[in-house]
Amino acid sequence: MNIALWTAQGLLVTVYLMAGILKTFQTAKAREQLPWAKNRSDGFVRFIGSAELLGALGLILPLVTGILPWLTVFAAIGLTLIQLLAIFTEHLAKKEYSIIPVNAVFIALSVFVVFGRWTLFS
(Lines give C-alpha, C1' and ligand atoms only; values in the text may rest on other atoms or scores of the structure.)
Protein backbone atom coordinates (compact mmCIF):
# COMPACT_ATOMS: atom_id res chain seq x y z
CA MET A 1 0.00 0.00 0.00
CA ASN A 2 2.79 2.42 0.89
CA ILE A 3 4.51 1.86 -2.47
CA ALA A 4 1.26 2.55 -4.34
CA LEU A 5 0.72 5.73 -2.32
CA TRP A 6 4.25 6.99 -3.01
CA THR A 7 3.77 6.22 -6.71
CA ALA A 8 0.50 8.17 -6.81
CA GLN A 9 2.10 11.03 -4.90
CA GLY A 10 5.07 11.05 -7.28
CA LEU A 11 2.79 11.27 -10.31
CA LEU A 12 0.74 14.05 -8.76
CA VAL A 13 3.84 15.99 -7.68
CA THR A 14 5.31 15.79 -11.17
CA VAL A 15 2.13 17.03 -12.84
CA TYR A 16 1.38 19.78 -10.33
CA LEU A 17 4.96 21.05 -10.18
CA MET A 18 5.09 21.40 -13.96
CA ALA A 19 1.64 23.01 -14.16
CA GLY A 20 2.29 25.23 -11.15
CA ILE A 21 5.60 26.50 -12.47
CA LEU A 22 4.01 27.28 -15.84
CA LYS A 23 1.08 29.17 -14.33
CA THR A 24 3.08 30.97 -11.63
CA PHE A 25 6.22 32.00 -13.48
CA GLN A 26 5.33 31.82 -17.19
CA THR A 27 1.87 33.36 -17.34
CA ALA A 28 2.19 34.45 -20.99
CA LYS A 29 3.10 30.93 -22.03
CA ALA A 30 0.24 29.57 -19.91
CA ARG A 31 -2.18 31.82 -21.79
CA GLU A 32 -0.99 30.32 -25.09
CA GLN A 33 -1.29 26.71 -23.91
CA LEU A 34 -4.34 26.80 -21.62
CA PRO A 35 -7.63 28.05 -23.09
CA TRP A 36 -9.12 28.93 -19.68
CA ALA A 37 -6.16 31.20 -18.83
CA LYS A 38 -6.94 33.55 -21.73
CA ASN A 39 -10.07 34.81 -19.97
CA ARG A 40 -8.49 35.22 -16.53
CA SER A 41 -6.28 37.88 -14.97
CA ASP A 42 -2.58 37.27 -14.45
CA GLY A 43 -3.16 37.34 -10.71
CA PHE A 44 -5.75 34.58 -10.88
CA VAL A 45 -3.58 32.36 -13.08
CA ARG A 46 -0.65 32.90 -10.70
CA PHE A 47 -2.89 32.13 -7.71
CA ILE A 48 -3.92 28.79 -9.23
CA GLY A 49 -0.30 28.02 -10.07
CA SER A 50 0.86 28.90 -6.57
CA ALA A 51 -1.85 26.69 -5.05
CA GLU A 52 -0.72 23.83 -7.27
CA LEU A 53 2.93 24.35 -6.31
CA LEU A 54 2.12 24.42 -2.60
CA GLY A 55 -0.10 21.35 -2.98
CA ALA A 56 2.70 19.47 -4.75
CA LEU A 57 5.19 20.36 -2.03
CA GLY A 58 2.62 19.40 0.60
CA LEU A 59 2.28 15.93 -0.89
CA ILE A 60 5.96 15.15 -0.33
CA LEU A 61 7.73 17.39 2.18
CA PRO A 62 5.76 16.57 5.34
CA LEU A 63 6.34 12.84 4.90
CA VAL A 64 9.97 13.15 3.81
CA THR A 65 10.91 15.47 6.68
CA GLY A 66 8.69 13.78 9.25
CA ILE A 67 7.36 17.21 10.27
CA LEU A 68 3.56 17.21 10.53
CA PRO A 69 3.11 14.32 8.06
CA TRP A 70 -0.69 14.56 8.37
CA LEU A 71 -0.48 17.73 6.27
CA THR A 72 -0.08 15.47 3.25
CA VAL A 73 -3.74 14.52 3.59
CA PHE A 74 -4.78 18.19 3.51
CA ALA A 75 -2.55 18.90 0.50
CA ALA A 76 -4.25 16.06 -1.37
CA ILE A 77 -7.68 17.40 -0.36
CA GLY A 78 -6.70 20.82 -1.68
CA LEU A 79 -5.57 19.40 -5.01
CA THR A 80 -8.83 17.46 -5.26
CA LEU A 81 -10.75 20.70 -4.75
CA ILE A 82 -8.72 22.44 -7.46
CA GLN A 83 -9.67 19.73 -9.96
CA LEU A 84 -13.34 19.70 -8.93
CA LEU A 85 -13.54 23.47 -9.29
CA ALA A 86 -11.84 23.26 -12.69
CA ILE A 87 -14.46 20.79 -13.86
CA PHE A 88 -17.48 22.69 -12.59
CA THR A 89 -16.39 26.29 -13.24
CA GLU A 90 -14.54 25.90 -16.53
CA HIS A 91 -14.83 22.63 -18.41
CA LEU A 92 -18.56 22.00 -18.04
CA ALA A 93 -19.44 25.66 -18.52
CA LYS A 94 -17.40 25.86 -21.72
CA LYS A 95 -18.39 22.37 -22.89
CA GLU A 96 -14.78 21.15 -22.82
CA TYR A 97 -15.86 17.59 -22.17
CA SER A 98 -12.72 15.98 -23.55
CA ILE A 99 -10.61 17.43 -20.71
CA ILE A 100 -12.80 16.13 -17.88
CA PRO A 101 -11.38 12.56 -17.90
CA VAL A 102 -7.91 13.99 -17.22
CA ASN A 103 -9.32 15.89 -14.24
CA ALA A 104 -11.04 12.70 -13.09
CA VAL A 105 -7.74 10.80 -13.10
CA PHE A 106 -6.10 13.49 -10.95
CA ILE A 107 -9.10 13.45 -8.61
CA ALA A 108 -8.90 9.66 -8.31
CA LEU A 109 -5.18 9.77 -7.51
CA SER A 110 -5.66 12.56 -4.96
CA VAL A 111 -8.56 10.79 -3.26
CA PHE A 112 -6.48 7.61 -3.13
CA VAL A 113 -3.73 9.56 -1.35
CA VAL A 114 -6.25 11.14 1.04
CA PHE A 115 -7.76 7.83 2.13
CA GLY A 116 -4.51 5.87 1.99
CA ARG A 117 -2.52 8.31 4.09
CA TRP A 118 -5.45 8.91 6.44
CA THR A 119 -5.70 5.20 7.24
CA LEU A 120 -1.93 4.95 7.74
CA PHE A 121 -1.99 7.86 10.21
CA SER A 122 -5.02 6.56 12.11
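Ala 28 is exposed, because its relative accessible area is 57% (buried means under 20% relative accessible area, exposed over 50%, and partly exposed in between, with a 1.4 Å probe and protein chains only). Ala 28 belongs to helix 2, residues 27–33; helices here are DSSP runs of H or I with at least four residues, strands are runs of E with at least two, and both are numbered from the N terminus. The model is a predicted one, in which local features need pLDDT of at least 70, side-chain atom pairs count only at pLDDT 80 or more, and totals for chains, interfaces and linings use all residues. Residues are numbered from 1 along each chain as its sequence is written, and side-chain values use heavy atoms, with hydrogens and water left out.

Ala 28 and Ala 108 are 80 residues apart along the chain, and their C-alpha atoms are separated by 30 Å. For Ala 4 and Arg 31, 27 residues apart along the chain, the C-alpha separation is 34 Å. Ala 4 is found in helix 1 and is partly exposed, with a relative accessible area of 37%. Val 111 and Thr 80, in turn, are 31 residues apart along the chain, with 7.0 Å between their C-alpha atoms. Val 111 is located in helix 5 and counts as partly exposed at 30% relative accessibility.

The interior can be approached through its nonpolar side chains. In soluble globular proteins, nonpolar side chains tend to be buried together. The largest nonpolar core has 14 residues, of which Leu 12, Tyr 16, Leu 59, Ala 76, Leu 79 and Val 113 touch the most other members. Helix 1, helix 3, helix 4 and helix 5 each supply at least two residues of this core, and helix 4 provides the largest share, five residues. A nonpolar core is defined as a set of buried Ala, Val, Leu, Ile, Met, Phe, Trp, Tyr and Cys residues joined through side-chain atoms within 4.5 Å.

The whole structure contains three aromatic pairs; rings of Phe, Tyr and Trp (its six-membered ring) pair if their centres lie within 6.5 Å, and planes under 30 degrees apart count as stacked, over 60 as edge-to-face and the rest as tilted. One of these pairs is formed by Tyr 16 and Phe 106, which is tilted, at 6.0 Å centre to centre and 50 degrees between the planes. This pair links distant parts of the chain, since Tyr 16 lies in helix 1 (residues 2–25) and Phe 106 in helix 5 (residues 100–121), 90 residues apart. Tyr 16 and Phe 106 are both buried. The pair of Trp 36 and Phe 44 is edge-to-face because the ring centres are 6.4 Å apart and the planes are at 85 degrees. Trp 36 counts as buried at 12% relative accessibility, whereas Phe 44 is partly exposed, with a relative accessible area of 32%.

Phe 44 also takes part in a contact with a charge: the charged end of Arg 40 sits over the ring of Phe 44, 5.0 Å from its centre. A charge sits over a ring if NZ of Lys or CZ of Arg is within 6 Å of the ring centre and within 35 degrees of the ring normal. Arg 117 likewise lies over the face of Trp 6, at 5.1 Å from the ring centre.

Trp 36 returns in the description of the largest pocket. The lining of this pocket comprises 27 residues, of which Lys 23, Trp 36, Glu 52, Gln 83 and Ala 86 lie nearest its centre. Helix 1, helix 3 (42–65), helix 4 (71–91) and helix 5 are the elements that give two or more residues to the lining, and helix 4 gives the most, with seven residues.

Two loop residues complete the account. Most residues other than glycine have a negative phi. Leu 68, in the loop between helix 3 and helix 4, has a positive phi near 50 degrees and counts as partly exposed at 42% relative accessibility. Lys 95 has a positive phi of about 55 degrees although it is not a glycine. Lys 95 is found in the loop between helix 4 and helix 5 and counts as exposed at 60% relative accessibility.

Terms used: On a 1 Å grid over the protein atoms alone, a cavity is a set of points where a 1.4 Å probe fits but cannot get out, and a pocket is an open set with protein on both sides within 12 Å along at least five of seven lines; lining residues have an atom within 4 Å of a point.
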